[in-house]
Structures are given as C-alpha cells and as structure tokens.
Amino acid sequence: MTNHPNRSGEFELTFWGGSAGEKYRRNHKTFDSAKAEAHRVLAEMSNRGAHPAIIYGPGVGKDGAAFN
C-alpha cells in the first residue's frame, strides 16, 4: 500500500480485517476523498461484507465512519 502523494492527510482510510490485498490510498485531505476511495475499493472486493471501510479523522467520532 502506498500513501503517496498525500502522506499527511487528516482522514485515514482503513479496512476492518485488512484490505484483502486491494491497493488503496490510506491518507486523504478530505472526508469526501476518503469516502470516494473507500467506495472504489469496496466495489473491487469480492468479499466486501467482511471488510467494511472505516474513515478516521476530524468530526467523525472516536470510532470513525464505516461503509460497506
């Protein structure tokens, strides 16, 4: 996985249980960018129900925002 070009973004995208081998950008400057990347990666996963996307950052609470 690569963080380039945005290594210092405020929003961190992770996948519960790992990303199942999918490549994705982990750090994003905006919540919307992280959400769009989450949906892109989830669309490529055959077992997306087992790996919900979680976005951590300002304004999303201590548990983050989850998508699947």
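Q: Helices (H or I, at least four residues) and strands (E, at least two) are DSSP runs, numbered from the N terminus. Where is the place of Trp16 in that scheme?
A: Trp16 sits in the loop between strand E1 (11-15) and strand E2 (27-28). Two notes on the numbers follow. Residues are numbered from 1 along each chain as its sequence is written, and side-chain values use heavy atoms, with hydrogens and water left out. This is a predicted model, where local features need pLDDT of at least 70 and side-chain atom pairs count only at pLDDT 80 or more, while totals for chains, interfaces and linings use all residues.

Q: How many helices and strands are in the chain?
A: The chain has 1 helix and 4 strands. Along the sequence they follow the pattern β-β-α-β-β.

Q: How do I read the sheet: what is the order of its strands?
A: Start with the general idea. Strands of a sheet pair through backbone hydrogen bonds, either parallel or antiparallel. Here, two strands count as paired if DSSP finds at least two bridges between them. The case at hand is an open sheet of 4 strands, ordered E2-E1-E3-E4, with antiparallel pairing. E2 and E4 are the edge strands, each pairing on one side only.

Q: How many bridges join E1 to E2, and how many join E1 to E3?
A: E1 and E2 run antiparallel and share 2 bridges. Across this pair, Phe11 stands opposite His28 in E2. E1 and E3 are also antiparallel, joined by 4 bridges. Leu13 has Ile55 as its bridge partner in E3.

Q: Over how many bridges do E3 and E4 pair?
A: They pair over 3 bridges, in the antiparallel sense. Ile55 stands opposite Ala65 in E4.

Q: Which strands does H1 touch?
A: First, the terms. Contact means heavy atoms within 4.5 Å. Axes are lines fitted to C-alpha atoms, for helices over the stretch in contact, and angles run from 0 to 180 degrees between N-to-C directions. H1 packs on the sheet and touches E1, E2, E3 and E4. The direction of H1 makes about 15° with that of E1.

Q: Which residues have the most contacts inside the largest nonpolar core?
A: A nonpolar core is a set of buried Ala, Val, Leu, Ile, Met, Phe, Trp, Tyr and Cys residues joined through side-chain atoms within 4.5 Å. The largest one has 14 residues. Those with the most contacts inside it are Leu13, Phe15, Leu42, Ala53, Ile55 and Phe67. Elements giving two or more residues to this core are E1, helix H1 (31-44), strand E3 (53-56) and strand E4 (65-67). H1 gives the most, with 4 residues.

Q: With which residues is Phe15 in contact?
A: Leave aside neighbours within four places in sequence. Phe15 then contacts Tyr24, Ala38, Val41, Leu42, Met45, His51, Pro52 and Ala53.

Q: Why does Phe11 count as buried?
A: Phe11 counts as buried because its relative accessibility is 9%. This residue is in strand E1. Beyond four places in sequence, its contacts include Arg26, His28, Phe31, Ala34 and Tyr56. The C-alpha atoms of Phe11 and Tyr56 are 5.6 Å apart, although 45 residues separate them along the chain.

Q: What does the side chain of His28 reach?
A: A polar contact is a pair of N or O atoms within 3.5 Å; within protein, one must be able to donate a hydrogen and the other to accept it, and residues adjacent in sequence count only if both atoms are side-chain atoms. The His28 side chain reaches the backbone oxygen of Arg25 at 2.7 Å. His28 lies in strand E2 and is buried, at 1% relative accessible area.

Definitions and conventions. Buried means under 20% relative accessible area, exposed over 50%, partly exposed in between (1.4 Å probe, protein chains only).
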